[in-house]
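Work through each task with the structure in view before reading the solution.

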Amino acid sequence: MRLQLSPEDIAFRDAARAWLLDNKPATRAPEDGSESRAFALDWLAKLYDGGWGGLAWPKDYGGQGLPPARLLLWYEEYVRARAPSTLDCSFVALNHAGPTLIACGTEAQKATHLPRILKGQSIWCQGFSEPGAGSDLASLRTTGRVEGDMLIVNGQKIWSSYADIADFQELLIRTEPGSKRHKGLSWVICDMSLPGITIRPIRNMAGATHFAEVFYDDVRIPLTQVVGGLHDGWTTAMTTLGFERRTAAMALQLDLSVQVEDLIDLARPTPGSAMAERLSDLRAEAAAIRAMTYRVALREPATPFDGSLVRLSFAELEQRIRRAAMDILGPAALVHSGRVADYLESYSETIAGGTAEIQRNIIGERILGLPREARP
Amino acid sequence: MTLDLTLTEELRQVLDAAQQMLDTHYPVSRLREGAADPMAPLAEFGTFLLGFPEDAGGAGLGRVEEAQLHSLLGRHLVSPSAVAVSIAARIALGAEDVDLALAIAGGEVAVCAGVTTPDGPLLIDAGGAAHAVLRDGATLSLVPLAGLATEDAPMMGHGRALARVTSALPAGPEALPEVALLHDLLVSAQLLGVAEAARDLAVDYARTREQFGRPIGAFQAIKHHGANMALGAEMLSAQLDMAALTLDARAPDAGFQVAALARLAPRIALENARLGIQVHGGIGFSAEADAQLYLKQAHLLRALLGPHDMLSFDAPMAPTGKAPS
Ligand SMILES: Cc1cc2nc3c(=O)[nH]c(=O)nc-3n(C[C@H](O)[C@H](O)[C@H](O)COP(=O)(O)OP(=O)(O)OC[C@H]3O[C@@H](n4cnc5c(N)ncnc54)[C@H](O)[C@@H]3O)c2cc1C
């Protein structure tokens, strides 16, 4: 075990710092809509043109295949420079759809999509959840009927983030008639401009329109758009790549440390005061989240559950940090602002992508080996 | 690799051997008999020379190795004398008393841990000790015990042997700043061991104890207690590595990392111990089961940590750029 930067590491870090400070946008990303899309794509293109695109992606697919240690250095500089949050409308493409295509896609699918994702030319969304299938994703009912070389899709998805501004959707549907639960599903690339798709944006509790309901009425998707095996979509959906597990949340986790520094600066607490104690706790916990991020990135061999403990710790700490900002601001927090938006948005951290309760079940059962609860 | 957190094969071997030694000489069941822990098996294993510089007769291993070893000691609820011996040898070395340092590390001169209280200094497992590593606020010093008057004091819930010093304590050499940091690193490492062992004991029990026809671990409330214990232990363990590595690298943020560690360690150990008792139900509250031992050990170790003003340090992640408008 060692943490000592080599001269090359330091040169890399310094170059990253300098580039980020010169190039990162001076303004906050627009809250939603086409402006937020343009902002995210511009930033991705700028990163790519500046030589900082696709750092985690493998070289064979246009990425730079940097080792996790370098990615840590990059993302530390990224969040310290206060570059745009990585959890924006580019997140699904870079951290989920793209890696899934790399793992399971055909050559044609990869050639079409991967370069466009890296260069900041397409936005993806995820269409997994349904009104009746949230935590219990395997109960999903949107169907795709095979007809010749087409899938005819009917049904409804919900909470699909950025569906209103996305070009493509990773869509999980039931393609084998009468199949149950994890069997008979397919993972499909859905072009969001196809006839038969209706999108109803939904405002969230922070007042922004980030997610949407999507309705499919006889939407015709060519079978060539199935990723992985037909009727084997659960396998595709559950495939995560090592680099993806290690890097997707890196910036978000490291950013907690920066957020706490920002709060200390905002509060300037009197030594010994209750607020000083509270900020001391937050500072220590954010440091520990950074240490956990280092561990997941830098310890071999990586295991499938490496990320699950840090992810939940991160989500709950982010909520405490954002809440502390409201307590520091006092009544001034009643007026909407960036900080208020960040606070309200943080409530999603323990819901989206698997609720805190579900994650505790997973930790209990898969990491600690406690008996499983009854399942359908 | 210059940034690498993989456990080396060498360290793995040291830890395996330590585990065997601890299973043989310090099974947790020994504490039911209430005898004081001998330091000899630990000394023979080389525990106290592990991190000693090679030119002073040690093995020259780093803080990371020493911290990992102490977390195993923590799992076995070894007497805080073990940390005291490790630190006493360093303080003696810092005071250029190499003979005393080697005598302490070799187990020939006994040392215990102590802490000042408003009612006078308390010594823990002091039987036969010639010196104490005394925690007095921010100060950590090595004080000679010869000729002092003491009286026995009952430890919380009648655990380990405590003695209160009733005469004036002489002054002794103080720990250098880096030795004081190492002390809190090792105490925190032991607190991690306590947190992990409390978790493991609770999880084992939850797998086997049945109520309503099922192992209690199948009930979500119990499962989630287990998950919370796992979350706390993982957080602490990652921060322990970070603190040890920055100390080894003499990095500018070492003080910050140890302060964060020392803030988290007692809180997490106490919480895991509390949950461990809860998961056991009635037997958890009994003195005949081990769950309660972890709680008392967490209190004991917590008392040995120094104060750290977490907000006084420069942060390693201080922003470089301005917040976007
Ligand atoms: C901001 C945001 C963005 C999202 N983006 C997307 C997206 O892009 N694409 C997409 O497909 N989905 C998305 N989702 C949906 C998200 O994945 C689901 O909300 C989540 O999986 C929970 O499902 P649900 O909302 O139906 O809640 P439910 O599953 O109905 O859960 C309700 C409550 O019951 C609890 N619960 C349920 N089952 C159990 C159990 N077995 N044990 C204990 N407690 C249980 C939950 O923890 C929760 O507290 C997003 C959600 C949010 C909030």
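**Exercise 1: Two domains in contact**

Between domain 1 of chain A and domain 3 of chain A, the count is three salt bridges, a salt bridge being a side-chain nitrogen of Lys or Arg within 4 Å of a carboxyl oxygen of Asp or Glu. This is a predicted model, in which local features need pLDDT of at least 70 and side-chain atom pairs count only at pLDDT 80 or more, while totals for chains, interfaces and linings use all residues. Residues are numbered from 1 along each chain as its sequence is written, chains are lettered from A and ligands numbered from 1 in the order in which they are written, and side-chain values use heavy atoms, with hydrogens and water left out.

Task: describe the interface of domain 1 of chain A and domain 3 of chain A.

Solution. Begin with the bounds, which come from an automatic or database domain assignment: domain 1 covers 7-118 and domain 3 covers 249-367 of chain A. Next, count the contacts (heavy atoms within 4.5 Å), which join 15 residues of domain 1 of chain A to 17 residues of domain 3 of chain A. The buried area, meaning the accessible area (1.4 Å probe) that two parts lose on being put together, summed over both, is about 1,300 Å², with 67% of it on carbon and sulfur atoms. Finally, inspect the salt bridge of A:R290 with A:E76, whose closest N and O atoms are 2.8 Å apart.

**Exercise 2: Two chains in contact**

Task: describe the interface of chain A and chain B, and find which helix supplies the largest share of the side of chain A.

Solution. Contacts link 61 residues of chain A with 59 residues of chain B, and the area buried between these chains is about 5,500 Å², of which carbon and sulfur atoms give 62%. The rule finds seven salt bridges across this interface; in the one between B:R267 and A:E285, the closest N and O atoms are 3.4 Å apart. Turning to the elements (helices are DSSP runs of H or I, at least four residues, numbered from the N terminus), α9(A) gives the largest share of the side of chain A that touches chain B, 17 residues.

**Exercise 3: The ligand**

Solution. The ligand lies between chains A and B. From chain A, an N or O atom in the side chain of A:S135 is 2.6 Å from an oxygen atom of the ligand, and a backbone N or O atom of A:W159 is 2.8 Å from a nitrogen atom of the ligand. From chain B, an N or O atom in the side chain of B:Q220 lies 2.9 Å from a nitrogen atom of the ligand.

Technical notes. A residue is near a molecule or strand if one of its heavy atoms lies within 4 Å of it. A polar contact is a pair of N or O atoms within 3.5 Å; within protein, one must be able to donate a hydrogen and the other to accept it, and residues adjacent in sequence count only if both atoms are side-chain atoms. Helices (H or I, at least four residues) and strands (E, at least two) are DSSP runs, numbered from the N terminus.
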